[in-house]
Amino acid sequence: MLVNATRMLKLAKAGHYAVGQININNLEWTKAVLETAQKLNSPVILGVSAGAAKYMGGFKVVADMVRAMDECLGITVPVALHLDHGTYEAAKTCIEVGFTSIMFDGSSLPLEENIAKTKELVALAHDKGLSIEAEVGAIGGTEDGVTADGEVADPKECAKMVELGIDFLAAGIGNIHGLYPAGWKGLHFDALDEINKATGNIPLVLHGGTGIPDDQITHAIKDGVSKINVNTECQLVFAGAVEEYCKAGKATPTAENTAKGYDPRKLLKPGVEAIKAKVEEKMVLFGSVGKAC
């Protein structure tokens with residue numbers, strides 16, 4: 001059974017660990033993440049961007065697939081299905097089709113418009129029993145075609161957003177989506193401390209988890225980050241493993257493959273195993289192993 005993310009993140013905040021949001025891009029990806037979370041007895045959040053949902057056939061297709069897979073695999077750890085960086089329209093759609101958690105990213109809007117739309121979506125989400133994440137201070141890099149510099153959120157604006165009743169907050173502290181450029185100055189822990197003080201005990205979210213040094217990850221968790229998003233690292237290891245498989249000649253149309261009809265599952269298997277290893281690595285780093293309850 002899928003759950004919203006509120007309880008798992010409150011427990012993470014209190015226990016000084018973080019829950020991983022692992023973005024999914026297809027059926028194999030989803031299965032790999034769920035099986036790894038179950039193996040490690042770790043709660044997990046499945047993140048779905050608008051682009052990934054479109055690739056998989058739409059938000060309803062994703063919701064139905066994840067629910068069916070969670071049930072049929074006998075998954076017992078807490079799993080939240082979360083819209084990642086959703087627009088106002090996407091958030092409303094996901095509320096209706098079966099997601100258990102949503103993120104409304106109004107960080108590119110004027111603050112008052114971001115607040116007004118967030119307030120409306122908080123009411124809609126909570127009426128359906130969903131958790132909701134909001135964002136202040138745009139996360140750097142590019143996500144679904146929207147590019148932003150690594151901004152540092154204003155603690156006062158963060159406090160205003162929390163007053164709306166959101167369940168967790170993404171606040172920019174210099175983090176970036178995708179690969180980090182040479183010369184990146186690192187996370188702004190002074191800003192994180194001020195945001196944490198301004199927002200009380202609300203779980204904070206670190207987007208752009210790929211490429212942040214492990215010691216900065218653990219520092220951020222100690223300072224109040226309870227959810228960390230991982231996408232690019234899984235994409236890279238998946239592509240790399242499949243590429244190596246092809247380079248080894250295992251995907252060529254040999255006589256045996258041609259006679260039987262080539263099985264594409266063999267092509268994807270190395271990528272799936274690479275994702276499992278990467279997700280396990282991250283869950284160990286975040287401290288969420290054995291925390292399912």
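Against which elements do the buried residues of α9 pack? I began with this question, keeping in mind that the model is a predicted one.

**Entry: helix α9**

I looked up helix α9, which runs over residues 214-222, and noted its buried residues as Gln-216, Ile-217, Ala-220 and Ile-221. These four cover an arc of only 140° around the axis, which puts them on the same side of α9. For their packing partners I found α8 (189-198), β9 (204-206), β10 (225-230) and α12 (264-286), which answers the question I opened with. I then turned to the face of α9 that points away from this buried side, and there I found the exposed residues Asp-215 and Lys-222. Just after the helix I noted Gly-224, which takes a positive phi of about 115°.

At 34% relative accessibility, Asn-41 went into my notes as partly exposed.

**Entry: α4 against α5**

How do the axes of α4 and α5 cross, and within what distance do they come? I found that the axes of helix α4 (residues 59-72) and helix α5 (residues 88-97) come within 9 Å and cross at roughly 35°, and I recorded the crossing as right-handed. On the α4 side the contact is made by Phe-59, Lys-60 and Ala-63, which meet Ala-90, Thr-93, Cys-94 and Val-97 in α5.

**Entry: cysteines**

How many disulfides does the structure hold? I found 0. Cys-246 is in no disulfide, and the nearest cysteine sulfur, that of Cys-234, lies 19 Å away, whereas a disulfide would need the two sulfur atoms within 2.5 Å. I also looked up the accessibility of Cys-246, which is partly exposed with a relative accessible area of 36%. Cys-72, by contrast, is exposed, and I noted a relative accessible area of 68% for this residue.

Lys-10 and Phe-168 are 158 residues apart in sequence, and from C-alpha to C-alpha I read 9.1 Å between them. I then took up Lys-247, which is found in helix α10 (residues 232-247) and is also exposed, with a relative accessible area of 59%. For Lys-247 and Phe-99 I noted a separation of 148 residues in sequence and of 39 Å in space, again from C-alpha to C-alpha.

Definitions and conventions. Residues are numbered from 1 along each chain as its sequence is written. This is a predicted model: local features need pLDDT of at least 70, side-chain atom pairs count only at pLDDT 80 or more; totals for chains, interfaces and linings use all residues. Side-chain values use heavy atoms; hydrogens and water are left out. Buried means under 20% relative accessible area, exposed over 50%, partly exposed in between (1.4 Å probe, protein chains only). Helices (H or I, at least four residues) and strands (E, at least two) are DSSP runs, numbered from the N terminus. The arc is that of the directions from the helix axis to the C-beta atoms. Contact means heavy atoms within 4.5 Å. Axes are lines fitted to C-alpha atoms, for helices over the stretch in contact, and angles run from 0 to 180 degrees between N-to-C directions. A crossing is left-handed if the near helix is turned anticlockwise from the far one by less than a right angle, and right-handed if clockwise.
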